[in-house]
Amino acid sequence: MNRNASVAKLYEDALRYEEGTIISSTGALVTSSGKKTGRSPKDKRIVDESSTSEDIWWGPVNTKLSEHAFLINHERAVDYLNTRERLYVFDGYAGWDPKYRIKIRVVCARAYHCLFMRNMLIRPTDEELEDYGEPDFTILNAGAFPANRYTTGMTSTTSVAINFKRREMVILGTEYAGEMKKGVFTIMHYLMPKAGVLSLHSSANQGEGKDDVTLFFGLSGTGKTTLSADPRRHLIGDDEHCWSDKGVFNIEGGCYAKCIDLSEEKEPEIFGAIRFGSVLENVVLDEDTRQVDYKDNSLTENTRCAYPIEYIPNALIPCMAGHPKNIIMLTCDAFGVLPPVSRLTPAQAMYHFISGFTAKMAGTEDGVTEPEATFSACFGQPFLVLHPTQYATMLASKINEHNADVWLINTGWTGGAYGKTGQRISLKYSRAIIDAIHSGELKKAEYQTYPVFGLEIPKAVAGIPGDVLNPAEAWKGAEAKKEFEGTVRRLAELFSENFAKYADQASEDVIAAGPKV
């Protein structure tokens, strides 16, 4: 039994006992998560029991599992772990604010899983470990052992199940480490709102002052990690936060960055964080030099690295700050019709937060031949436990209380749709927009109303051509203008169709804040 083992010890065991584990040229531990190289959302279950059942947003995200079926999986996991020659236990925290943090204990059979969670949870000091006591939640990771497909409620040999009454999470049939990270996030998405704290799928950074805080919401591919990593600002965290009565705090003790196409030139902070102590998953490297080829996606598009947050040079430690001054909702619109930046009213902020829009590009998946709208409530639907309007109502209350400015930023296409006449909005322009938000320039700008969506867009931003700011001007030529109007209407209709799922629990002003078709 290896309790709270050192990084060096975990390296040694992973290299000795886990096939295919090696060290990269920069000192990171390179390993494989096996057949599963991503999360299995269809195999995630929450136990249906009397103390929490009425609170949970049951449906496609949160599927019910009986208490009896959970106990079968629990016993299966315990039996498997008891047959192992070596077990690893890590005791950590979720949440940097001592008032709200919870104690998480991870029990697993792989050194790689233990090192991963050692990076992703907040690492206690020696003194805190002495007084740690019993955990608030325990994760039993028996991922190398399958679930029994004949157990009631199982749809495959993979099972990720959370029991709020027993304060336990049991993993079977998947060795993808991200299930543990996102399991903790799901737990916090239930416990924090119950404590009056808003849990958020966002990155966050801070300027020179404690209250110069910006939250960045955004789904995969929108630039959330890249745009929040600003050398002139302190990183609070890259993925999971809470907003309490005192301000913002990070849930995690580390970062879990996507590595596909990673380069030192574009993302120097992340590139430099991949060193001794970091865990690289499912990457391909040169057998002789041990240098990673970050462009190689032959194992998976979802190559990842987990590293402690202090590996980022300008990280704010402890990861706690004041109340947000700016909230940025990022979207990657492959239709090419949303403006690069819009200022949102509180009602529009709730509408777009509940919608959580981005778009898949043609060619990214088999059968996707034109842009495809993707909506993920609260920019993190797979991890929500309560109804999306509950998180949105809490967010609106916080925005009003602290007078935060809310912005919708499109990092996607302009001048046409993806794969046609459109071009990706330059990262240089997106950074300039965010700089203008932080300097206060955008707050003082003159605005005009963008039709159909009713968004307020600035007439000018320093360093950005006028036709970039207004998509109607970016689509050139009579034919393109005609296609533009039809594309705007089509996207507006998709927004309205999606929001209809939440309209029964949304207020009239929020429903009215959507596009007018």
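These legends describe close-up views of a predicted model.

**View 1. An open sheet of 8 strands.** The strand order is β1-β6-β7-β8-β10-β9-β4-β5, and the pairing is mixed. The edges are held by β1 (2-3) and β5 (63-65). Each has a single partner strand, so one side of each is left without a neighbour in the sheet.

**View 2. Strands β7 and β8 paired in the sheet.** Residues 102-108 make up β7, and residues 137-142 make up β8. The two run in the parallel sense, joined over 5 bridges. C108 stands opposite N141 of β8.

**View 3. Helix α2 across the sheet strands.** Residues 67-82 form α2. The helix lies across β4 (44-47), β5, β7, β8, β9 (159-163) and β10 (168-172). Its angle to β10 is about 65°.

**View 4. A404 in the loop between α9 and β26.** Helix α9 spans 388-402, and strand β26 spans 405-410. A404 has 9% relative accessibility; buried means under 20%, so A404 counts as buried. Beyond its neighbours within four places in sequence, A404 is in contact with P324, K325, I327 and I399. H323 is 81 residues from A404 in sequence, yet the C-alpha to C-alpha separation is 8.5 Å.

**View 5. Helix α8 packed against helix α13.** The helices comprise residues 346-355 (α8) and 478-499 (α13). Their axes are 10 Å apart and meet at an angle of about 80°. That makes α8 roughly perpendicular to α13. From α8, Y351, H352, I354 and S355 take part in the contact. They meet F495, S496, N498 and F499 of α13. The contact residues divide into 4 nonpolar and 4 polar, with no charged residue.

How values were computed:
Residues numbered from 1 in each chain as written. Predicted model: local features only at pLDDT ≥ 70, side-chain atom pairs only at ≥ 80, totals over all residues. Heavy atoms only, no water. Pairing = 2+ DSSP bridges. Helix = DSSP H or I, 4+ residues; strand = E, 2+ residues; numbered from the N terminus. Contact = heavy atoms within 4.5 Å. Axes fitted to C-alpha atoms, helices over the stretch in contact; angles between N-to-C directions. Buried < 20%, exposed > 50% of the residue type's maximum accessible area, 1.4 Å probe, protein only. Parallel < 35°, antiparallel > 145°, perpendicular 65-115°, else oblique. Nonpolar A, V, L, I, M, F, W, Y, C, P; charged D, E, K, R; others polar.
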